[in-house]
Amino acid sequence: MQLEQIVDVNDFVNWCDYLGTLAFAISGIRLAAAKGFDWFGAYVVGFVTAVGGGTIRDILLDIKPFWLVQPSYLVITGLALLFTIVFRRHVVRLNHSLFFFDAVGLGLFVVVGVAKSYAAAFPWWVAIVMGTVTGSFGGLIRDILISETPLIFRTDFYASACLLGAVIYVLLAHYTGISIEWVQFISACSVLLFRVLAVALHIKIPTFDPSTVEHEEEQG
């Protein structure tokens, strides 16, 4: 695939950005609502969830954070708040709604992170890292704000799904003749698929046993 195709931020990426913002904002607002936050507090949590990963990405890439350039992300978060208020019985009370919106946001934002890294003329390994950061760090900030242990630090297949999706994006873009739009679509779907399979099959990342570590320290 030609380099100019890989670095192009096309309409599909823009749609991923907007839809990912909506999905992540809903996931943040939904969790804040379940914690009893007021509407303004829920809006703040939703907004931070939606733009947190992308903001960190842009700061690391030394470009102006995207939401400072246009107000659409503030508006989309407002729509997410309205959606949650109107359909709160279905969105807040159903446990799987958080997982669904979070998983969709992950996949879409991985695509945005990789594409924007290439557009800023960074190499493939940076694109993989930024895809992972864009997808997972908004949820990290959200969980900190609501006093939850972040999913990224638990055994959940969360940031790992972003990492694998970003790797798939890079491999397909560089080593196949598939159009960049299909590469991005497959990458986003792969993240969603990894998350669903991990939950369905109870796939978890191995953890350290604190008692074992303490025992080794005592022996040392």
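## Second largest pocket

The second largest pocket holds about 150 Å³ of space. In this analysis a pocket is an open set of points on a 1 Å grid over the protein atoms alone, with protein on both sides within 12 Å along at least five of seven lines, and lining residues have an atom within 4 Å of a point. Grid points are joined across faces, edges and corners, and a volume is the space filled by probe spheres set on the points. The model is predicted: local features need pLDDT of at least 70, side-chain atom pairs count only at pLDDT 80 or more, and totals for chains, interfaces and linings use all residues. Residues are numbered from 1 along each chain as its sequence is written, and side-chain values use heavy atoms, with hydrogens and water left out.

Helices (H or I, at least four residues) are DSSP runs numbered from the N terminus, as strands (E, at least two) would be. By class, the lining divides into eight nonpolar, one polar and two charged residues. Ala, Val, Leu, Ile, Met, Phe, Trp, Tyr, Cys and Pro count as nonpolar, Asp, Glu, Lys and Arg as charged, and the others, Gly among them, as polar.

## Largest cavity

One cavity of 30 Å³ or more is found in the whole structure, and the largest cavity holds about 30 Å³ of space. A cavity is a set of grid points where a 1.4 Å probe fits but cannot get out. Its lining consists of Asp 17, Ala 50, Val 51, Gly 54, Arg 57, Phe 66, Phe 109, Val 112 and Thr 134. H3 and H6 are the elements that give two or more residues to this lining, with H3 giving the most, four residues. Five of the lining residues are nonpolar, two polar and two charged.

## Salt bridges

The whole structure contains five salt bridges, each defined as a side-chain nitrogen of Lys or Arg within 4 Å of a carboxyl oxygen of Asp or Glu. Asp 17, which also lines the largest cavity, forms a salt bridge with Lys 116, the closest N and O atoms being 3.4 Å apart. Because Lys 116 lies in helix H6 (residues 95–119) and Asp 17 in helix H2, the pair ties together parts that are 99 residues apart in sequence. Lys 116 counts as buried at 17% relative accessibility, as does Asp 17 at 6%. Buried means under 20% relative accessible area, exposed over 50%, and partly exposed in between (1.4 Å probe, protein chains only).

Arg 57, another residue of the cavity lining, meets Asp 58 in a salt bridge (2.9 Å, N to O). Asp 58 is buried at 1% relative accessibility, and Arg 57 is buried at 1%. Glu 148 pairs with Lys 35, with the closest N and O atoms 2.7 Å apart. Glu 148 lies in the loop between helix H7 (124–145) and helix H8 (159–175) and Lys 35 in the loop between H2 and H3, so this pair ties together parts that are 113 residues apart in sequence. Glu 148 is partly exposed at 32%, and Lys 35 is partly exposed at 41%. Asp 102, Arg 142 and Asp 143 are linked in a network of salt bridges.

## Nonpolar surface patch

Trp 15, Leu 19, Leu 22, Val 75, Leu 79, Leu 82, Phe 83, Val 86 and Phe 87 form a nonpolar patch on the surface, with about 850 Å² of accessible area together. Helix H2 (11–34) and helix H4 (72–86) each give two or more residues to the patch, and H4 provides the largest share, five residues. Trp 15 is placed in helix H2 and counts as exposed at 55% relative accessibility.

Patches are made of residues with over 30% relative accessible area and no salt bridge, like charges being joined within 9 Å and nonpolar side chains (Val, Leu, Ile, Met, Phe, Trp, Tyr) within 5 Å. Accessible areas come from the Shrake-Rupley method with a 1.4 Å probe, and for residues only the protein chains shown count as cover.
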